[in-house]
Amino acid sequence: MKLVFERSIKGTACTLLPPNDVDAYALPEQYQRKLDLHFPELTEGELSRHYSELESNAFGVNRGFYPLGSCTMKYNPKINEECASLPGFAEIHPLQPAYTVQGCLEAMALAEKLLCEITGMDSLTFQPAAGAHGEFTGLQLIKKYHDSRGDSKRVELIVPDTSHGTNPASASMGAFKTVAIPSKADGLVDLDALKAVLGENTAGLMLTNPSTLGLFEKDIVEIAKTVHDAGGLLYYDGANLNPVMGIVRPGDTGFDIVHLNLHKTFSTPHGGGGPGSGPVGCKAFLSEFLPLPRIIEEQGSLRFCCDSENSIGRVKAFYGHFLVMIKALTYILTLGKEGIPYAAQNAVLNANYMMKSLEDLYTVAYPGRCMHEFVLSAESLKKRTGVSAMDVAKALMDHGMHPPTVYFPLNVHEALMVEPTETESKSTIDAAVQVYREIYDLAFSNPSLLHEAPVKAAIGRPDEVRAARNPILRHSFSS
Amino acid sequence: MTTPKNYSYAKTHEWVQFLDEETAISGITDFAQKALSDIVFINMPSEGDEVTCGEPYADIESVKAVADICSPVSGTILEINEKVEEEPSVINEDPYGSWIIKIGHISAKDDLMTAEEYDRFCEEEEQ
C-alpha cells in the first residue's frame, strides 16, 4: 500500500480555514528552517481511506485466532471500553485536586486491593507503563531493600535459561549481573544448579511460573525457601499468570514481588492497541520502597501521598495508565471471584486440547499436561522435509490466523509456542488444528509452497537478514 | 566444513587457536554459526577487558536469536577483530577464519576438546 506521503496531492486539505487575521511574526534568522516541512496533503476522505487500508492490513484479536505464546492475546471485552469511556473517568485531568476525583481514586484503591488479593501481595503500584517497565521497577525494589540493609554486594540476579529476554535486559538496566541457570531435562528449575550459584552476591531470582514452556514449577516452595535462606528475594514475572489466576497466589508460594501485565492477563488491549500497564505488587516489608505517589486514606477521603523517605522515587509521570487500569478493574469485577479461576481453567483446558490434537504430528517439547501454553518443536519436520518453524508460521498467515511465537524458548530447537487462551471456542481451535495438520502434510507433498508462504498476506516474506543488517529507518523524500 | 585440527574446542561451541603459550585467538564454530543462522550483530568487548574461562565476553545476534559467546581461556583481550564487528556475516561464511578476540596473558584454560572429540560432541548434540 501507499504511504500517507505518497497519497499526498499538493493543495488538498481536510479543512478550509478562514483567512489569517493575525500579523505574521518572523522568528530570528537562526531559528528558521532552511527547508520546508513535508506534510502530507489529503482530503478527509482520502485520509480516512488511508487509515482504513492500514487497519485492513493489520491483524488483531478481533480479526482472527491469535495464539501467540506467552502474550495471552485474549479477547478484550467491549464492556471494558464502555466503562473506561465514562466521562467521570475519561474526562479528568491528572492535576485536578484530589477532592474532585475521589471516585477515580476509589477505583484505583479498589483495583489495587483486588490485584493484591489475586497475587497474594500487600501493596501495589500502577505506575509502570508495561511489563518490562514493571520488571525494572520491581528490581529497583530489590536493590533498595538490600541497600537499606547495607548489603551492597548483592548484585547478581538469577534467571532460568527459559526466562523471557526482558528478564536479563531489566537486570542489566538495573545494573545487576545476570546469572543464567540451565533447566532440568523436564524443563523445570534445577534446584542443584540454583544452589550452586546462590551466595552472598545473590540479589534475587526472577521466575515466570508457569514457565515459558507452559510448565508449573512444582518445587516452587522449596525454590523460594532456598533463595530466601541465601538472603535473596523472589521476583514473579507475571507474564504467565493467566492459567493460575484465582487458583495459585504467587505470594503464597514465596514470591516477594510480582509484576502483572494488565494487557495480557486482565484483558486490556495488547500490542498496537495498547498502551500496556505493568503494575508491581510487593509484600509488606517492601511497601515503603514502592514508587510515589501512593494512594492513602486520610479522614475518610483519599489522596496521593508524594513523600516517603525510602521510596525508589517516580518511575512515570502521574499515576500510570489510568484508563487501562479501569478496563482491568472492569474485567475483574465482571468475572468475579468465581469467574476468574474459571477463566484460568479454560485457558489450561484449551491449551491441553490443542496440544493433544497435534501431538501425533508435531513433537511436543515437554510431553504431559501443560498449563496455558505448550511448545512444539519442528526440528524433526525440518530434518525430514526442510520445512522450518518459520515456514510453518508464515504458512499459517495464509489461513487467516496469527502464527505462534517461534524460536522461543531458546532451549527448544525450531520452537513453536502456542497459547490459545480461554476466549477461543472449541470450533476455532478445531479449525486451527486442521490447518496445522494440512501444513504438516504439505511439508511432505510440496515443501516449496511453504518456503514461499505467505502469498495471501498484506506483505510476502520480508528479507529479515537485510532488514537487520541494513535497515532503512526513514522515508526519503524525492524533493 | 572440516573442523581444523590445530584448534581446540569448548562445549559452548567456541574455538581457540593458541599462537604461543600465553596468546590465542578465539571465535565460534561452524556448528554455532549454523545454529544461529544469519548473524547480524556482535556486541564486542573492549581491548584490555579481562575474560574468564567459560564466562561470556560478548553477545551475538542473528535473525533468530541472541546468544552469549564464552571465552575458552582466562586472560586479557589484546585485540578485537574490527572486520568481524563491522561485518559479522563473515562468521557465517568463514567461521574458522573469523577470529573475534585475541587473548593474551592466558592464565587458565577450559576443559577443551580436540577437533575429533568436538565432531563427536556435535553429533551427539544433533541427536
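This is a predicted model: local features need pLDDT of at least 70, side-chain atom pairs count only at pLDDT 80 or more; totals for chains, interfaces and linings use all residues.

Visitor: What makes chain B agree with a compact globule?

Guide: For 127 residues, a compact globule would have a radius of gyration near 14 Å, and chain B has 13 Å, so the two agree. Along its principal axes, the C-alpha trace of chain B spans about 35 × 30 × 20 Å. Of the residues in chain B, 39% count as buried.

Visitor: Which elements does chain B have?

Guide: Chain B has four helices and nine strands. Read from the N terminus, the order is β-β-β-α-β-β-β-β-β-α-α-β-α. As for contacts in chain B between residues at least 6 apart in sequence, 63% join residues at least 24 apart.

Visitor: Why are strand 1 and strand 5 of chain B called edge strands?

Guide: The open sheet in chain B has six strands in the order 1-2-3-9-8-5, with antiparallel pairing. Strand 1 (8–9) and strand 5 (50–51) each pair on one side only, and they are the edge strands.

Visitor: How do you know that strand 2 and strand 3 of chain B pair?

Guide: Pairing takes at least two bridges between the strands. Strand 2 (residues 14–18) and strand 3 (residues 24–28) of chain B have five, in the antiparallel sense, so they count as a pair. Within this pairing, B:Gln17 stands opposite B:Ile25.

Visitor: What makes up the contact between the two chains?

Guide: Chain B gives five residues and chain A gives six. By class, the chain B side has three nonpolar, no polar and two charged residues.

Visitor: Now for chain A. Which domains does it have?

Guide: The domain assignment gives domain 1 (1–14 + 35–57), domain 2 (78–334) and domain 3 (338–467). The C-alpha centres of domain 1 and domain 3 of chain A lie 37 Å apart.

Visitor: How do you know that the buried residues of helix 7 of chain A are on the same side?

Guide: In helix 7 (residues 166–173) of chain A, the buried residues are A:Asn167, A:Pro168, A:Ser170 and A:Ala171. They cover an arc of only 160° around the axis, which puts them on the same side of the helix. These buried residues pack against helix 6 (131–148), strand 2 (156–160), strand 3 (177–181), strand 4 (202–207) and strand 5 (233–237) of chain A. After helix 7 of chain A comes A:Ala175, with a positive phi near 60°.

Visitor: What forms the hairpin of strand 8 and strand 9 in chain A?

Guide: Strand 8 (residues 294–298) and strand 9 (residues 301–305) of chain A pair in the antiparallel sense over five bridges, with two residues between them. A:Gln299 in the turn has a positive phi of about 45°. A:Glu297 has A:Leu302 as its bridge partner.

Visitor: Which way do the residues of strand 13 of chain A point?

Guide: A:Ala415 and A:Met417 point one way, A:Leu416 and A:Val418 the other way, and all are buried.

Methods:
Residues are numbered from 1 along each chain as its sequence is written. Chains are lettered from A and ligands numbered from 1 in the order in which they are written. A residue is buried if 20 or more other C-beta atoms lie within 10 Å of its own, exposed if 12 or fewer, and partly exposed in between; C-beta atoms are placed from the backbone. The arc is that of the directions from the helix axis to the C-beta atoms. Two residues are in contact if their C-beta atoms, placed from the backbone, lie within 7 Å. Domain bounds come from an automatic or database domain assignment. Ala, Val, Leu, Ile, Met, Phe, Trp, Tyr, Cys and Pro count as nonpolar, Asp, Glu, Lys and Arg as charged, and the others, Gly among them, as polar. The radius of gyration is taken over C-alpha atoms; the globule rule is 2.2 Å times the number of residues to the power 0.38.
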